[in-house]
Amino acid sequence: MSGIEIMSSYRKSKSLNRSSSINKTILFGRSKSFNRSTLSPLNGGSPRALSAASPRPNRLSCVSQWSRMLIVIGLFVSFIIFFAGGYIYVLPSLSPEFLGYSLSVFNNSMVGCDIFNGSWVLDDAYPLYNASECPFAEQGFNCLGNGRSDNDYLKWRWKPKHCDLPRFDVYCILERFRNKRIVFVGDSMSRTQWESLICLLMTGVEDKKSVYEVNGNNITKRIRFLGVRFSSFNFTIEFFRSVFLVQHGLIPRHAPRRVTSTLKLDKLDNISNEWLHADILIFNTGQWWVPGKLFQVGCYFQVGNSLKLGMSIRTAFRLALGTWAAWVESDQSHRLCNVTQNPMTEPNGREHHVFSDSVLEVIKNMKIPITVLNITSLSSFRSDAHVGQWNDNQSAPDCAHWCLPGVPDVWNEIFFSCLFHDCGLHLQ
C-alpha cells in the first residue's frame, strides 16, 4: 500500500530556450539528434523498431512544430516493500522544441510546490478509463471485472497541498509521443504502469484497431517482451521483463549444493542491448529483492568469478544499482491483505524504507544530476486500491499490485507533470 517512486531524468543539452519553466535538474543525456532521419521498421516482432508515420488526426488541439529533438534515456527503478510498490522514475531529456510545445494545461508553474505532500480527494472525473474496455489491461488487475462490487476506490485524485497536478491531456500526450519509442524495463510493477499508460492513451484514439501488440500476443506475465504500437501516431510502448536488471546466471563451478543460480551484480542483464535507441527508457527493480525470491530458491550473489554467499540483500541491491549507474553514464510474493473501503488517513509507517536510502546514496554519487520523486507516502494511503482477492487467481490474494484503473494512473500523471513541466524538485 505504500509506494516509493523515484523519478530521474538526464539532460542531453545544457540549456533550454523556452518561455515556460522546465525542471532542468531532472534531465540528462548525450547529444544526439532526437528527430532521427531513419527509424527502423517495426516488423517481424522486432522489439525496437518504428514504421513510417501516418497522417495526424485533425481533431488534436496540439500540433507538432518541432524539427529536432534529443534522443533520451529515462530511468524508472521500482521496488515493492511489504504490501506496497516503490518506484524510481527517470524522465527523458527532450529538445527545446519538444519541451517548448505549447500546452495550456502546463501553463501554471509548479515550481516550489512539493507534489508529494498532499492528500487524496474525491473526484467524479475519475477513473480515466474502463479496464474492461482496454484490451491491454490484463485480467489479474481488472478488479471490477473480477467481481469487486464497490467502485469507490476509483474516485480518488491526488491533490498536492499548494498546487494541482495538470489534468491528463491525452491528445497532447499522443502528439508528443509521435514517432517515438518508449521502453519499460522491469518486473510486474513496471508492467502494471506500462498497461496503465497504454489504457490512458487509448482513450484518445478513435480507431482502436490501430493499437495492437506487435507480435499478436496477449498481455501476460510469461512473455519477456511485449510491444504495443499506436500506428496512427507511429510510436511504440514496449515492456522488457528484467526483474533484477543484472544478469541471472547459472551455477558457478565448485559452488555449494544449496546454490542453484546467481545474480551477477557487476553485469547488466544480457538483453540490455535491446533497451538502447529508445526515446524514453524507464527502469524498475526491487520487488524480487527479497529472501523468498533469492536465498530460499538457491539464488546467491556473484561479483566477477567470486561467489558472495554471505552478502546481504541490501548490499547486493546497492551494487546492482551501481552497475546500472555505470551503464547509464557510459553510453513480494502474494500476501494476505486487508483491502479497505476508502484510503487510509495515515500511512502507518509504510511511507519509508531502507531501500530508498540505498537509491539516494547511488544517485548522489552519480556525475549526472538526478532528481528523486518519492511517491512512497502518497501511495501508502491507498489501502483501498490493491488487487486483493479480485485477481485472476482468487486463491492467492494480490496485495503487491494495484487495480487498473487506479494508483498506477497517478504515477503516470506525475510522470508527465515532471516530463513536460517544472516540478521544482532538487536532490539534496
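This is a predicted model: local features need pLDDT of at least 70, side-chain atom pairs count only at pLDDT 80 or more; totals for chains, interfaces and linings use all residues.
Residues are numbered from 1 along each chain as its sequence is written, and side-chain values use heavy atoms, with hydrogens and water left out.

**View 1. The disulfide of cysteine 134 and cysteine 199.** A disulfide is a pair of cysteine sulfur atoms within 2.5 Å; here the S to S distance is 2.1 Å. The pair links distant parts of the chain, 65 residues apart: cysteine 134 lies in the loop between S4 and S5, and cysteine 199 in helix H3 (residues 188-202). Helices (H or I, at least four residues) and strands (E, at least two) are DSSP runs, numbered from the N terminus. Cysteine 134 is buried at 7% relative accessibility, as is cysteine 199 at 2%. Buried means under 20% relative accessible area, exposed over 50%, and partly exposed in between (1.4 Å probe, protein chains only).

**View 2. The disulfide of cysteine 113 and cysteine 163.** The sulfur atoms are 2.1 Å apart. The torsion about the S-S bond is about -75°, so this disulfide is left-handed. Cysteine 113 has a relative accessible area of 5% and is buried; cysteine 163, at 10%, also counts as buried.

**View 3. The disulfide of cysteine 143 and cysteine 403.** The S to S distance is 1.8 Å. With -90° about the S-S bond, the link is left-handed, and both cysteines are buried.
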